[in-house]
Amino acid sequence: MTNSPNPHSKTTANEIIVNVSNENVSRRARVREHVNPLAKKYSVAIAPPIWTEIYADWSKPLSLDIGSARGRYILQMAQMKPDWNFLGLEIREPLVDRCNEVRDELGLKNLHYIFCNANVSLAGLLPKGSLHEVTIQFPDPWFKRRQQKRRAVQPELVATLAELLVPNADVFLQSDVYDVALDMRQHFEVNENFVNLAGVGNFADGAIFSEHIPTERESSVISQGLPVYRAYFKRK
């Protein structure tokens, strides 16, 4: 895999362009590190786009990344798996704008980013049974107990995903904060529509999600010798 900072550089079939670095996005889109999803400005659900106008082929299986941040993960996945569509939801609008600019620069027709609060908008954003995969990676931890209602994974979000995912779809969760990973895992485990492939009460090992490309946060944490807590679920 080759990283190139130039979106117009030529690549071979085995190369993946990665140019959504922190420096690149920060220069074009200054954002706060954390955004309160319970703020009034994020409380209104967005209208869904016309999906057949967003993707070149809407019939391809759809992978959803909730909290796509700077978008680098699905930017790479969309190039590695051109037979899939990828959708990123992110609550920080400048990041979404920049990510869609990069997508256009690269001419990727199977990738899209949307600015929204996933907990507010997801239920009405996609048709039921339209998702084939979901990733939620390193969401904001919101450590204080009174702030934990701001965390991305809530019971209502899990219930919504159960309606949107096709049977046997994959759900991949990870965090470097044990309490956050535990919280996410437990929310999925108590929903009868999902099964933890590592067994109830267990985290998954690092090799369980074979086609996964490490996120920037993941690579940084691992390089420091720190643990990453993962959970891998199937929709029944």
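**Close-up 1. Helix α5 and its buried residues.** In this predicted model, helix α5 spans residues 118–125, and its buried residues are Ala 118, Ser 121, Leu 122 and Leu 125. Looking down the axis of α5, you will find these buried residues within an arc of 110 degrees, so they line one face of the helix. What covers them?

**Close-up 2. The seven-stranded sheet.** Here we turn to the strands. The sheet is open, its pairing is mixed, and its seven strands follow the order β3-β2-β1-β4-β5-β7-β6. Which strands form the edges? They are β3 (111–115) and β6 (194–196), each of which pairs on one side only. On average, neighbouring strands of the sheet are turned by 20 degrees against each other, with direction ignored.

Close-up 3. Strand β1 (residues 62–66) and strand β4 (residues 131–137) run parallel, and five bridges join them. To find your place in this pair, look for Asp 65, which stands opposite Thr 135 in β4. Helix α6 (residues 155–164) packs on the sheet and touches β1, β4, β5 (165–175), β6 and β7 (229–235). The direction of α6 makes about 145 degrees with that of β5.

**Close-up 4. Leu 165 in strand β5.** Leu 165 belongs to strand β5. Is this residue buried or exposed? Its relative accessibility is 3%, so Leu 165 counts as buried. Beyond residues up to four places away in sequence, Leu 165 touches Gly 129, Leu 131, His 132, Glu 133, Val 134, Val 171, Phe 194 and Arg 235. Take Glu 133 from that list: Leu 165 and Glu 133 are 32 residues apart in sequence, yet their C-alpha atoms are 7.2 Å apart in space.

**Close-up 5. Arg 103 in helix α4.** Arg 103 sits in helix α4, which covers residues 93–106. With a relative accessible area of 13%, Arg 103 is buried. Which side chain makes a polar contact with the side chain of Arg 103? That partner is Asn 100, at 2.9 Å. Setting aside neighbours within four places in sequence, Arg 103 is also in contact with Leu 108, Leu 111, His 112 and Tyr 113.

**Close-up 6. Arg 185 in helix α7.** Another arginine, Arg 185, has its place in helix α7 (residues 178–189). Its relative accessible area is 6%, so Arg 185 is buried. The side chain of Arg 185 reaches the backbone oxygen of Gly 201 at 3.1 Å. Not counting residues up to four places away in sequence, Arg 185 touches Leu 173, Asn 196, Gly 201, Asn 202, Phe 203, Ala 231 and Phe 233.

**Close-up 7. Leu 197 in a loop.** Now we move to the loop between β6 and α8 (216–223), where Leu 197 is found. At 41% relative accessibility, Leu 197 counts as partly exposed. Apart from residues up to four places away in sequence, Leu 197 touches Ile 208, Tyr 232 and Lys 234. Leu 197 and Lys 234 are 37 residues apart in sequence, while their C-alpha atoms lie 7.0 Å apart.

**Close-up 8. Two buried cysteines.** Cys 99 is buried, with a relative accessible area of 2%. Cys 116 also counts as buried, at 4% relative accessibility. How many disulfides does the structure hold? The number is zero.

**Overview. The whole chain.** The chain's secondary structure comes to eight helices and seven strands. Of its 236 residues, 49% are buried. Among contacts between residues at least 6 apart in sequence, 77% join residues at least 24 apart.

Key. Residues numbered from 1 in each chain as written. Predicted model: local features only at pLDDT ≥ 70, side-chain atom pairs only at ≥ 80, totals over all residues. Heavy atoms only, no water. Helix = DSSP H or I, 4+ residues; strand = E, 2+ residues; numbered from the N terminus. Buried < 20%, exposed > 50% of the residue type's maximum accessible area, 1.4 Å probe, protein only. Polar contact = N/O pair within 3.5 Å; in protein donor to acceptor, adjacent residues only side chain to side chain. Contact = heavy atoms within 4.5 Å. Pairing = 2+ DSSP bridges. Axes fitted to C-alpha atoms, helices over the stretch in contact; angles between N-to-C directions. Arc of directions from axis to C-beta. Disulfide = S-S within 2.5 Å.
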